[in-house]
Amino acid sequence: MSAGSNAPTIIKRKKVVGGDGHHGGAWKVAYADFVTAMMAFFMLMWLLNATTEQQRKGIADYFSPTIPINRMSGGGSGAFGGDNIFTRDALAQSGTGINQPTIGNNPINAEQAAAEAAAAAEVAALRDIEEILMGLGGESMVSDQALRHIVTRLTDEGLVIEIFDLPDATLFPPDLAEPNPVTVEVAGILGRLFQSVSNEVAITGHLSAKSVVHVDNPIWQLSTDRAAMMRQLLVDAGLSPLRIARQTGAGDRSPAVRDATAPRNNRLEIVLLRSDV
């Protein structure tokens with residue numbers, strides 16, 4: 001057909017169909033909700049692991065507040081109708097509860113605060129003794145040879161000081177309760193250290209198990225005798241006998257390591273007892 005003719009122009013319209021089909025982008029929304037839920041879950045797991053029981057209770061209280069709402073207006077626009085939650089008669093006058101003492105004047109709260117402060121001070125004093133004995137803040141009071149025999153730990157019962165045998169150095173000669181020089185050295189230092197506090201003292205003797213079972217097992221008496229010797233050494237070093245709360249021999253019933261016959265189980269445990277135990 002020649003140029004300039006009146007032939008009609010044909011326009012083709014192509015229908016574009018979305019790749020998502022009939023469901024569109026709904027899957028993206030569902031996936032985003034899933035990712036958000038997983039983030040919230042992992043944050044919850046992290047919070048449970050990283051917070052204390054008291055902190056978790058505070059978080060729970062934040063999301064479920066128990067704020068009393070006043071049913072009688074006192075002229076104010078707040079939740080308590082112009083009253084203060086810490087006012088002595090606020091809840092009683094507003095009809096929401098009985099008369100409550102202020103927190104600052106509550107003797108129960110005051111006693112609890114005093115008890116908590118005393119407990120914290122006691123723990124701090126026990127930690128100071130531990131640091132001085134072990135040389136955590138500088139040089140230890142005991143020699144390096146004696147320090148090898150000592151481990152300490154702070155427990156709910158108090159400060160536990162454990163003195164134990166080494167393969168090449170023992171606290172007592174075999175089957176005897178007469179102390180070796182290292183035991184006398186440690187006991188002398190403990191006796192002087194303990195004079196800086198007023199806590200009572202508990203002493204327990206432990207022994208390793210024998211490979212041969214005896215009808216009349218001598219380890220009970222021996223562990224008791226060694227505990228008694230440690231008590232006497234502490235008293236000789238200046239500790240008041242009235243502060244000895246108990247002295248016991250545990251035989252081989254409480255091994256410190258899995259192998260009950262290991263020398264490590266030959267030990268003395270001296271505990272500075274907490275006053276609230």
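How many salt bridges does the count come to? Here are some friendly notes to read beside the structure, which is a predicted model.

1. **The count.** The answer to the opening question is nine salt bridges.

2. **E157 and R246.** These two residues form a salt bridge in which the closest N and O atoms are 2.4 Å apart. The pair links distant parts of the chain: E157 sits in the loop between β1 (150-154) and β2 (158-164), while R246 belongs to strand β4, 89 residues apart. E157 counts as partly exposed because its relative accessibility is 27%. R246 is partly exposed too, with a relative accessible area of 37%.

3. **R264 and E162.** Here the side chains meet in a salt bridge of 2.7 Å, N to O. R264 lies in the loop between β4 and β5 and E162 in strand β2, so this pair ties together parts that are 102 residues apart in sequence. Are the two partners buried or exposed? R264 is partly exposed, at 23% relative accessible area, whereas E162 has 4% relative accessibility and therefore counts as buried.

4. **E162 again, now with R267.** E162 also forms a salt bridge with R267, and the closest N and O atoms of this pair are 3.8 Å apart. It links strand β2, which holds E162, to strand β5, which holds R267, 105 residues apart. R267 counts as buried because its relative accessibility is 6%, and buried means under 20%. Through shared partners, salt bridges join R153, E162, R264, R267 and E269 into one network.

5. A search of the whole structure finds two cavities of 30 Å³ or more.

6. Now turn to helix α1 (residues 26-50), where V35 lies. V35 is part of a nonpolar surface patch of about 1100 Å², whose other members include W27, Y31, F34 and L48. With 30% relative accessibility, V35 counts as partly exposed.

7. **Q247 in strand β4.** Strand β4 (residues 244-249) contains Q247. Q247 counts as partly exposed, at 29% relative accessibility.

Notes:
Residues are numbered from 1 along each chain as its sequence is written. This is a predicted model: local features need pLDDT of at least 70, side-chain atom pairs count only at pLDDT 80 or more; totals for chains, interfaces and linings use all residues. Side-chain values use heavy atoms; hydrogens and water are left out. On a 1 Å grid over the protein atoms alone, a cavity is a set of points where a 1.4 Å probe fits but cannot get out, and a pocket is an open set with protein on both sides within 12 Å along at least five of seven lines; lining residues have an atom within 4 Å of a point. Grid points are joined across faces, edges and corners, and a volume is the space filled by probe spheres set on the points. Patches are made of residues with over 30% relative accessible area and no salt bridge: like charges are joined within 9 Å, nonpolar side chains (Val, Leu, Ile, Met, Phe, Trp, Tyr) within 5 Å. Accessible areas come from the Shrake-Rupley method with a 1.4 Å probe; for residues, only the protein chains shown count as cover. A salt bridge is a side-chain nitrogen of Lys or Arg within 4 Å of a carboxyl oxygen of Asp or Glu. Helices (H or I, at least four residues) and strands (E, at least two) are DSSP runs, numbered from the N terminus. Buried means under 20% relative accessible area, exposed over 50%, partly exposed in between (1.4 Å probe, protein chains only).
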